[in-house]
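Biologist: I would like a close look at a single part of this model, the place where the two chains meet, followed by whatever else can be said with care about individual residues.

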Amino acid sequence: MINYIIRRLLMLIPTLVGITLVSFLILQLVPGDPARTIAGQDAEEEAVEALRIRLGLDKPIFLQYCIFLKNVVSGNFGKSISTQNEVIAEVWPHFLNTVRLALVSVVISLFVGIGLGTVAAIYQNTTIDHITMGVVLLGISTPTFWAGLIIILVFSINLGWFPSGRAEGFSSLVLPAITLAAPAIAMSARMTRSSMLEVLRQDYIKTARAKGQKESKVIYKHALKNALIPTITIVGLQFGYLMGGSVLVEVIFTWPGLGRLIVSSISARDYPLVQGGVLFFAFSFILVNLLVDILYTYLDPRITYE
Amino acid sequence: MNEKNDAKDKGTGNQVASIWRLFRRNKLALLGMTLILVIVLAAIFAPYIAPYDPSQQDFQMLRKPMSAKHWFGSDQMGRDIFSRILLGAPITLRITVFAVTIGFFVGTLIGLIGGYYGGMVDMVVVYLTDILLAFPGFLLALAVIAAIGPGITSVIIASGFSSIPQFIRIIRGSVLVEKEKDYVLAARAIGESNTSIAIRYIFLNCIAPIIIFVTLRMAVVVLIASGLSFLGLGAQPPSPEWGAMLSEGKGYLQTAPHISIFPGLAIMILTLGFNLLGDGLRDALDPRMKI
C-alpha cells in the first residue's frame, strides 16, 4: 500500500510539470507584446521595458519557463500586477473559500444523489424512477448561473430566508452550495442508479433474499454498500467539475472564491494572478483525484495496487 | 443521405432500421430531437418570424412583463425579448457546432493516432490528455479566453479546445478495443495501408460512441459557451446571445425577473434536448454503454 502511494506520487511529477507548462503558455499566447498589454496601451516605452525585464520576458522562452518552474516549485508564483502583493497571498484565502464551498457541495451532492439514485434503482421503470431521472436530467441541463439567479430570486429576494451578496457565516454558504451541487447531484444519482441496478442482479443479493433477509436490509446492508464504490470514484471527477462550476456560482453569489478572483483578474489583465489561480485549481484537482484513487483501493479489496 | 445508400445494402439497412426502431421507442429521445429541431428551425427562420427587430428600442416599453404584443415581455431597453431569443438561437448553435467540430477533428485525429500506433506515440498522447484533463473543463476554457481575449470566436476556440482531451479519451478507448478485432487482421492480410485501416475500418467501427459523445458534448458546450458570455467574456451586448442577455438582465432580477428567466430557459431547453438525444442514442446504438 505504502509502495503504491509512493509510486503514485512519483507518477504525479510529470503531470505537475505539464500543468505548469500549460499555465505558463497561457501568458505566451497573449497576442502582441505581453509587457505592453499588461502595462497598458498608453504606458511609456521605458515603463514597458522595465516591466519586460521585471517579468523576465526579455529572456528566451525556454529559459523563461525554467525560471517559472523553479519559482513555482519554491512556492513563488510572482506578484499580482494590480495589487503588487505576492500572488500566493492573494490566491490562498480565495482558494480556501472555494474549497469550503466545494466541500459543502460535494457532501450535499453525495447525500442527495445517492438517495435519489437508490430510490430510482429500487423502483426501476416505475413512475418514481422516471420522475427522479427526469429531475436529474433537468439538473444536468440547467445552466448554473441561471439556477443561481432563480434561487436568489426565490429564497433571498422573495422569501428572505437566506442572505445573498455577503459572505458571512454558514447561512451565506447554503444557497451557493446548493446551486453548485445541482449538476453534481445528477451525476452521483445516475452513477448510483446504474451501479445499484448492477449489484441488485448479483448472486449474493439473491442469496440474501433467499435466506429470508428483510428487503430493507438487503438494500442497505448488502446492495448499497457495494454499489457505492463506483459512486465514490466519481467524487474526484465531481470535485473538478465543482471547482470549474464554482467560477460562475461565485460570481453570481459574490462569494470571495478563487473562481471569481480569476474572472476579475482576466478583466484586469492581471496575468500572474490568472496563472496562479489556474495552477491552484489544477493542483488541487490532481491531489483530490490521487486521494480518491487511494481511497478506492482501500475500499475495494478486489483491486490490486497495480 | 447515407441512409438511402445503406438501405440498398440489406445488411446495413436492417441495422439502421433496428437502431431507428429502438430509438423510436424511446419517447424521451424523440422529445430531445424535437426540442433541437424546433430550435434549429427557429434559428434558420429567425429573421422572418421574429415579430420585432431585436435591437429596436422602445422607451414606452421598458421592462414590461409578458403581454400579447410582447410574448416574453420587453427588456431594460424596451427590446422585444421573444425576438431577441429567436435571433440568439443561430449564435448559440453556431458556437456549439463549430466548437464541437474543433474538438471532434483534433481529438479524433490525436486519439486515433495514439490508439492505433500505440507505444511511445500513445504514451505522449496519454500524457498530453492527462495534463489537459487536470484542468476542470470550464476553467480550461476560461484560461484560453484569458490568453486570446474575449469574443465569440474566442468562445468557439476555448470551448472547442476544452473538448479536445475528452474526445481523445473516448476515441482512443474505442480504438484500443476495435484494433484487436479480427477484421483488422483481415484488412492487414489483404494489404490495406495503415491510414486506410485506421480510417476506413477502425474509425468507422468507433462511430457509435463518437456520435453519442458528440451529442452529449454539444450539451456541455452550450453551457460553457453561454457561461462565458454570461461572464462578459464571450458575445458582447447588445448581441442577443442568451448568456449575454442573462448577464444584462441580472441587474433587474427584483423588478423584472422575466428578462433573465427566458434566455435561461432557452439555454436549458437546448441543453436538455442534446442530453435527451444523447441518452437515447446511447440506448439505441450501444445498450452496453453506461453513463
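Modeller: A helix here is a DSSP run of H or I with at least four residues, and helices are numbered from the N terminus. In that numbering Thr98(A) belongs to helix 5 of chain A, which covers residues 87–122. The model is a predicted one, and what follows should be read with that in mind.

The part you ask about is the contact between the chains, to which chain A brings 44 residues and chain B brings 39 residues. Between them an area of about 3700 Å² is buried, and carbon and sulfur atoms account for 82% of that area. The rule finds 1 salt bridge across this interface, and its partners are Arg190(A) and Asp279(B), whose closest N and O atoms are 2.3 Å apart.

On the side of chain B that touches chain A, at least two residues each come from helix 5 (119–133), helix 6 (137–148), helix 10 (207–230) and helix 12 (258–285) of chain B. Helix 12 of chain B gives the most to this side, namely 12 residues.

Once neighbours within four places in sequence are set aside, Ser141(A) is in contact with Leu223(B), Met268(B), Thr271(B), Leu272(B) and Asn275(B). Ser141(A) counts as buried because its relative accessibility is 0%, where buried means under 20%.

Residues up to four places away in sequence not being counted, Thr98(A) touches Met243(A), Ser246(A), Glu250(A), Trp255(A), Gly257(A), Leu258(A), Gly259(A) and Phe281(A). Thr98(A) has a relative accessible area of 0%, and is therefore classed as buried.

For the cysteines, a search of the whole structure over all chains finds 0 disulfides. Cys66(A) is partly exposed, with a relative accessible area of 32%, whereas Cys206(B) is buried, at 1%.

Two further residues of chain B complete the account. Ala186(B) sits in helix 8 of chain B, which runs over residues 182–189, and with a relative accessibility of 43% this alanine counts as partly exposed. Between the C-alpha atoms of Ala186(B) and Val221(B) the distance in space is 39 Å, while the two residues are 35 residues apart in sequence. Ser193(B) is placed in the loop between helix 8 and helix 9 (194–205) of chain B, and at 40% relative accessibility this serine counts as partly exposed. From Ser193(B) to Val175(B) there are 18 residues in sequence and 17 Å in space, C-alpha to C-alpha.

Conventions
Residues numbered from 1 in each chain as written. Chains lettered and ligands numbered in written order. Predicted model: local features only at pLDDT ≥ 70, side-chain atom pairs only at ≥ 80, totals over all residues. Heavy atoms only, no water. Contact = heavy atoms within 4.5 Å. Buried area = accessible area lost by both parts, 1.4 Å probe. Salt bridge = Lys/Arg side-chain N within 4 Å of Asp/Glu carboxyl O. Buried < 20%, exposed > 50% of the residue type's maximum accessible area, 1.4 Å probe, protein only. Disulfide = S-S within 2.5 Å.
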